[in-house]
Amino acid sequence: MPKLCCKIGPSILNADLSQLYIESQRLIDSGADYLHLDVMDGIFVPNLTFGHPVVKCLRNKLPNAMLETHMMVQNPIQWIAPMADAQVNQYTFHTEPCDDVPLVCRKIKEAGMKVGLAIKPNTSVTLIEDFIDMADMVLVMTVEPGFGGQKFMKDMMPKVKWLRNNYPNLDIEVDGGVGPNTIDYCAKAGANMIVSGTAIIQAENPPQVIKLLRESVNKEINLNASV
Ligand code: DX5
Ligand code: ZN
């Protein structure tokens, strides 16, 4: 049986984006397992960030890093080919604007990337139930997507718990307001992939924060493994 693994993926959204590569390298050197890149189109969310040309430049500088793009976009199918060309490892998209989720999943796989299904706070987890078998990971948003630095929504934890109870081996990611003060809720609910933005970026000691997040998750994984 595949063993669940804790992965910490800092979000660089609130870093100094004029130094994207330097900031990304610093996070990897601090113990990050992957980088969570927030792509926004100004339509699905009321904000804009960067797209595949920037991701491709970053990939050239970081040939070995695991890159996840969190696609907060209205038409996720549109960006699959260019993100695959940028050698993105995992393409995580929101199911809310999609008419044909299986088609998007299939296209992502055909392009050689892992599939992440993301849901906003108001989206019930049962709405994606039929698609989970096609996914490598489910992202439960713990803030409204669009901006870093928002308050963690603890009331999203039942979704994480439901997923963990029903899919013991699924990679479950949380994103939004996650840091030392909120990680225990996520870990206890069963999340194993942790996105954290401002809590890491603005920390005096990012390696220490990453270590703390990892210890909290590993404690729960080990507890559950020994049951
Ligand atoms: C929000 C983004 C998050 C965000 C996380 O729309 O998807 O990845 O950058 O940042 P914090 O941890 O500051 O909430
Ligand atoms: Zn994100």
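These legends walk you through a few close-up views of a predicted model.

Local features here need pLDDT of at least 70 and side-chain atom pairs count only at pLDDT 80 or more, while totals for chains, interfaces and linings use all residues. Residues are numbered from 1 along each chain as its sequence is written, chains are lettered from A and ligands numbered from 1 in the order in which they are written, and side-chain values use heavy atoms, with hydrogens and water left out.

View 1. A pocket is an open set of points on a 1 Å grid over the protein atoms alone, where a 1.4 Å probe fits, with protein on both sides within 12 Å along at least five of seven lines. At least two lining residues come from each of β2 (35-40), β3 (67-72), β8 (193-196) and α7 (198-201); helices (H or I, at least four residues) and strands (E, at least two) are DSSP runs.

**View 2. Ligand 1 in its place.** Ligand 1 takes up the space of the second largest pocket. The elements giving two or more residues to its shell are β2, β3 and β8, and β2 gives the most, with three residues. The shell counts 20 residues, the closest being G146, D175, G177, G197 and T198; a residue is near if one of its heavy atoms lies within 4 Å.

**View 3. Backbone atoms facing the ligand.** A backbone N or O atom of G146 lies 2.6 Å from an oxygen atom of ligand 1. Polar backbone atoms of G177 and G197 are each 2.8 Å from an oxygen atom of ligand 1.

**View 4. Q87 in its loop.** Q87 lies in the loop between α3 (80-85) and β4 (90-94). Although Q87 is not a glycine, its phi is positive, about 60°. Most residues other than glycine have a negative phi.

Technical notes:
Polar contact = N/O pair within 3.5 Å; in protein donor to acceptor, adjacent residues only side chain to side chain. 1 Å grid on protein atoms, 1.4 Å probe; cavity = no way out; pocket = protein on both sides within 12 Å on 5 of 7 lines; lining within 4 Å. Sits in = over half its atoms within 2 Å of the grid points.
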